[in-house]
Amino acid sequence: MKRIGVALIIALGVFGCQAPEPTAGPAAAEPTAEAPTIERLKAKPLYAFTEREVDAYLRHLSATEPDLRRRIVHLARKNLEQPYELYLLGEAPFEQTDPQPIYCLDRSDCVVFAEHTLAIALSNDFPSFMSMLQRIRYKDGQIGVVTRNHYTEADWNVNNRWLLTDVTNQLGGDAVKPFSQKVDRAKFFKTRYKLDESMPVETIQESFIPYERIDSVKPLLRDGDVVNFVTGKGDGYWVGHVGLVAHAPDGTVNLIHSAKPKVREEPIDAYIARMTKDAAADDAAGEARFRGFKFLRLTDDPLANLRAIDGPQAPVVKLPPDSAVTWDKYLESFNLGG
């Protein structure tokens with residue numbers, strides 16, 4: 001994992017792997033004397049890259065692969081076997097409520113993997129990747145624990161509509177199952193971070209496709225679709241895991257996601273079989289278990305959508321008002337060179 005340097009350093013929240021029921025590194029690597037070569041980087045896993053190597057590889061990839069979906073799948077597969085670790089990220093060096101760093105290259109949990117893959121695929125160098133990552137992680141790109149997209153359905157999916165559209169109902173038709181969810185952000189911030197935030201309780205209406213009905217949906221899935229894995233018990237449902245869709249050469253619909261012990265790619269049918277083998281026992285014991293999927297699809301032109309929101313300088317990153325580090329100085333700390 002590549003964390004911020006000591007000179008700059010003085011969660012995942014509810015969204016992601018092992019999310020609770022409703023109610024995240026080391027110093028930036030010193031640049032090597034040898035400039036990165038593309039042929040060497042092609043043979044190297046992405047999670048072993050330095051920041052300088054990410055910069056070089058993205059300059060190459062953005063110039064040679066114009067298709068966003070292909071870039072997403074390529075980068076996701078380049079991170080296969082990346083080690084898993086839960087709760088990697090925070091807001092350092094810009095805010096200290098959660099003092100974990102704002103990015104990680106060598107490890108991931110499900111949210112870190114999905115966010116980093118999307119951000120890097122949308123970028124053409126390391127600085128643009130870092131800016132895009134913050135725009136995806138935070139509401140309006142405003143770095144801070146309170147503005148982080150903690151709740152999948154209520155925060156992340158909503159605040160990233162410029163990038164992705166929820167197509168669950170469109171794909172599932174009469175197979176979808178509706179559910180409501182109470183989102184108590186004030187309670188979450190008090191419990192997790194000891195923060196007193198005045199926020200009204202929100203009730204949202206959602207839907208998912210039960211895994212028993214997935215066969216009719218599989219032919220409609222596309223590479224680069226984002227998957228929300230729905231967990232539930234009784235009448236309560238929530239998203240507790242995320243991943244990406246990628247088709248195998250033979251057309252099999254696969255899922256790429258970060259889960260213990262590492263990032264993996266597996267057929268959606270194999271995932272369902274593995275996660276439901278003890279379903280009867282879990283139900284008898286009243287345990288929460290995997291129930292189905294939500295799917296989000298890339299918009300036609302995410303960068304154009306973002307420029308319409310942020311202006312021509314998109315993505316815009318906004319720092320906490322009391323940050324002692326500017327964004328430019330932060331990026332300069334990586335010494336990427338020319």
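Predicted model: local features only at pLDDT ≥ 70, side-chain atom pairs only at ≥ 80, totals over all residues.
Me: Let's start with H116. Why is H116 called buried?
Reply: Its relative accessibility is 8%, and buried means under 20%, so H116 counts as buried. This residue is found in helix α4, residues 110-121.

Me: Which residues does H116 touch, leaving aside those up to four places away in sequence?
Reply: H116 touches L89, Y103, C104, F129 and L133.

Me: Happy to go on to the helix pairs. Why are α2 and α5 called roughly perpendicular?
Reply: They pack at an angle of about 100 degrees. Angles of 65 to 115 degrees count as roughly perpendicular, so α2 and α5 are described that way. Their axes lie 8 Å apart.

Me: Which residues make that contact between α2 and α5?
Reply: From α2 come E51, V54, D55 and L58, and from α5 come F126, P127 and F129. By type, the residues of this contact divide into 5 nonpolar, no polar and 2 charged.

Me: Good, and what about the nonpolar cores? Which residues have the most contacts inside the largest one?
Reply: The largest nonpolar core has 50 residues, and those with the most contacts inside it are Y103, L118, F129, M130, I136, W327 and Y330. The elements that give two or more residues to this core are α2 (51-64), α3 (68-78), α4, α5 (126-137), β5 (236-247), β8 (289-298) and α12 (327-332). Of these, α5 gives the most, with 6 residues.

Me: One last topic, the strands. How do you know that β6 and β7 pair?
Reply: Pairing needs at least two bridges between two strands, and 6 bridges join β6 (residues 253-259) to β7 (residues 262-267), so the two strands pair. They run antiparallel. As one example of a bridge, the partner of H257 in β7 is R264.

Me: How many residues sit between β6 and β7 in their hairpin?
Reply: There are 2 residues between the two strands of this hairpin.

Conventions
Residues numbered from 1 in each chain as written. Heavy atoms only, no water. Helix = DSSP H or I, 4+ residues; strand = E, 2+ residues; numbered from the N terminus. Buried < 20%, exposed > 50% of the residue type's maximum accessible area, 1.4 Å probe, protein only. Contact = heavy atoms within 4.5 Å. Core = buried A, V, L, I, M, F, W, Y, C linked by side-chain atoms within 4.5 Å. Axes fitted to C-alpha atoms, helices over the stretch in contact; angles between N-to-C directions. Parallel < 35°, antiparallel > 145°, perpendicular 65-115°, else oblique. Nonpolar A, V, L, I, M, F, W, Y, C, P; charged D, E, K, R; others polar.
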